[in-house]
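Dear colleague,

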Amino acid sequence: MSYDGVGPRPGRSAVMRSVAFLAAGVLAVPALAGCSDPDPAGKPLAGQDIAPAARSLIADGGTLRWAVDAVPETLNTFQSDADATTTRIAQATLPSMFRLDEAGRPERNPDYLESAKIIETEPKQVVLYKLNQQAVWSDGREIGAADFAAQWRALSGKDSAYWTARNAGYDRIERIERGDNDLEVRVTFGRPYADWRSLFSPLYPKEVMGTPDSFNDGARRKLKVSAGPFAVKKIDRKDDEVRLTRNPRWWGEPAKLNEIVLRAVPRDERAAQLAAGQLDLAEIDPTAARRIALASPPRGATASATGTALMGPERGRGSGTTTKEHRTQAAFQGFEVRKSLEPAYTQLALNGADGPLADERVRRAVARALDRKELAKLVLAPLGLPTEPVGSHLALSGQAAYADNSGAIGDQDTAEAQALLADAGWVQGGPIKEEKGKKGEEAAGAEGEKAGEGEKGEKGEKAGDGEKAEKAGKSEKSEKSEKSEKSEKADGGEKADKKSESKAKSDSESDSEGGDDGTYIVGEDNKADGGEGKHLAQDGKQYGSKQVQQGGAPGAYAPQGTAAPAGAAVRPLAKNGKPLTLRFVVPAGEGSQTLRTVADRIGIMLERVGIRTEITKVADESYFKDHIASGQYDLALYSWPASAYPATDARPIYAKPVPAADGSLNVEQNYTRVGTDQVDQLFDQAIATLDESESRSLIRKADSRIWAAAGSIPLYQRPQLTAARKNVVNAGAFGFRTPVYEDMGFLKKGARPSASATAR
């Protein structure tokens, strides 16, 4: 999971955009664009930034020291506690039949496959894999059908002795057999499977998959047999690092590096370790990115890799800095910031299980109150990254299944939101029954000190860092999850329109990570963010782009035509004597400032239609387990990755919850508890349709209906900021593309990376 921060992450780690409302609240979903229209998938909003260089320019040898979030508990990506580092190790050391290209689409990996295609559809789907004749395991044995069969049996779900986190796709296989020779693997499916390319990536040797014991325990702490450009040499838990060494039996282009050391370094310590020369590559937050950008101008050939937005107005200033700061700044001159958009997006989740949001009209009203363009600018504009809101739950721009289906819910519209709320029985200024010991408009039951309220016109807003995601259980009963914990990513901040928000008042509350450290109602006490407002407003000035620093165009950071005139605040809504106040849960850690910034801005937007938000900050480690997975929230922010196989990976996220045998609700990964039979049917049809164009169309229809149900609202694609030593090439902000580990390395003396060169 990953907080934007925070969010469960299917896809890579587990292994993983106008509707008419009638008076009665009936929803009419518009027809999708015709086949003759341009491909709605479009292009990626941002490309990868890795300082590409031809192999001839790269020195042989060297050790790349690369920061990660943790030393993994397991090296088996198919176990529930696998994490992002597990995936990184698998990419460098194990076969993958397919990997992702720069647009997030699967492509055949020629190091392992000469070809792979469907050769029969009737009476059964049959896929024939023709393996690279040089492909061997590190013990010298050829990769073959026995390895494919062992992995199928382990992951099919038929043997409960295997502690697997997922079996999607493998449960559809009927048999695996040798083809006409040892290099051919014939896979027969009992049921059609559109996402067959997702299978056997990574592929483990039969020594790992062959028995429950070897699967459950054998590959947790060591990987004796591998088949990639690198092999696992040592896992050192005392020093918190994993050492990968060049594989002498690798048959492809030899790895340029001798070793890759994956070192567990907390994100708030990475800048110091970079300055101390202890790291060569590390994902960082905007604060560290700005410090590096100030010390070191961007590469002339790829100036967009850092951009003036990160520089801020203080570039080149040295006054007021200490000797220590001067030394740190000098140390940063050997680094640069490489940036892209991560293949993941942040969403607003609306818990539809009970309370006001169980009413679809209220969920739609929340959606219509949001200005998603403003929220995207809030986070991404200060980083100089594209600010296009995400238009799909199931793919990102550039991916084959992407289409902007947000029209199924409609754009920001205050009048429409208010009409929906009125239709649901919520009355402005209605009578409110006072609870015992509490005033009528004060939210009940929240622990912690009240910290403030929403503003109507803040002068300067907030710059975010990133947030960290945590893994949640697959159901409300189960602790097993298909997705692993993800690190927080860098985000930005912004400066807001003076006409739409007033200056925030500070509060003495701090952002402790120790527990619930503050609850506040947006709309009360003339406070906004428990003291973060001033700090983040300053950050916004530092990170802001030139346009933002100058105030930007009118309406650029507030929805045009929706701000209430001064002194004319919308009265709170009430129904049956109760106010419409939604519990908005956010993580409290220092790395989660951006989520809190976004939450505050959402609270302001909702206040304009009469909805109050009770924002509660909770400890990062309990955010998912105790709040999101257990349903103890109304509103929350967390992230999902974009999978190349949405019919497989996204189904458990949006499947309609069903009662379990003991009466509890099995939500799988649908933490909003909002689902429909129609969406389930569209997923089922898409996964069983071997016509790729038809399957994409079904996925897009499913997405339109997910939008219409308003259980979750995609907001923005997450930023990816990486600090890299300037002579490190073919590594950095990878975007969609799977890293090519054998091409990473250090430039030869006097050589320069080329903007036109591309990694293989």
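This is a predicted model: local features need pLDDT of at least 70, side-chain atom pairs count only at pLDDT 80 or more; totals for chains, interfaces and linings use all residues.

Residues are numbered from 1 along each chain as its sequence is written, and side-chain values use heavy atoms, with hydrogens and water left out.

The overall picture

The protein chain holds 19 helices and 26 strands; these are DSSP runs numbered from the N terminus, with helices being H or I of at least four residues and strands E of at least two. Of its 760 residues, 59% count as buried. The accessible surface of the chain comes to about 28,800 Å², and 47% of that belongs to carbon and sulfur atoms; the areas come from the Shrake-Rupley method with a 1.4 Å probe, and for residues only the protein chains shown count as cover.

Backbone geometry

Most residues other than glycine have a negative phi, and most peptide bonds are trans.

One joins Glu122 and Pro123, with omega about 0°, and Pro123 lies in the loop between β6 (113–120) and β7 (125–131). The other runs from Ser201 to Pro202, with omega near 5°, and Pro202 sits in the loop between β9 (184–189) and α3 (206–209).

Helix α19

Helix α19 (residues 692–709) has 18 residues and reaches 26 Å from its first C-alpha to its last, close to the 26 Å expected at 1.5 Å a residue, the expected span being 1.5 Å times one less than the number of residues. At its start, a side-chain oxygen of Asp691 reaches to within 3.0 Å of the backbone nitrogen of Ser693. The buried residues of α19 include Leu698, Arg700, Asp703 and Trp707.

Salt bridges

A search of the whole structure finds 40 salt bridges, each being a side-chain nitrogen of Lys or Arg within 4 Å of a carboxyl oxygen of Asp or Glu. Asp280 forms one with Arg725, the closest N and O atoms being 2.8 Å apart. Asp280 lies in the loop between α5 (270–275) and β13 (281–283) and Arg725 in strand β24, so this pair ties together parts that are 445 residues apart in sequence. Asp280 is buried, at 2% relative accessibility.

Arg55 forms a salt bridge with Glu253, with the closest N and O atoms 3.5 Å apart. This pair also links distant parts of the chain, 198 residues apart, with Arg55 in the loop between β2 (27–28) and β3 (63–68) and Glu253 in the loop between β11 (241–246) and β12 (259–264). Arg55 is buried, with a relative accessible area of 17%, whereas Glu253 counts as partly exposed at 37%.

The side chains of Glu177 and Arg186 meet in a further salt bridge, at 3.7 Å from N to O, and these residues are partly exposed, Glu177 at 28% relative accessibility and Arg186 at 24%.

Which side chain of opposite charge is nearest to Asp101? That side chain is Arg105, 5.7 Å away, and Asp101 is buried yet has no salt bridge; in this count Lys and Arg are positive and Asp and Glu negative, while His and the chain ends are not counted. Asp101 is found in the loop between β4 (98–100) and β5 (106–108), and its side chain reaches the backbone nitrogen of Ala103 at 2.9 Å. Leaving aside neighbours within four places in sequence, Asp101 is in contact (heavy atoms within 4.5 Å) with Glu107, Phe736 and Arg737.

Key
Buried means under 20% relative accessible area, exposed over 50%, partly exposed in between (1.4 Å probe, protein chains only). A polar contact is a pair of N or O atoms within 3.5 Å; within protein, one must be able to donate a hydrogen and the other to accept it, and residues adjacent in sequence count only if both atoms are side-chain atoms.
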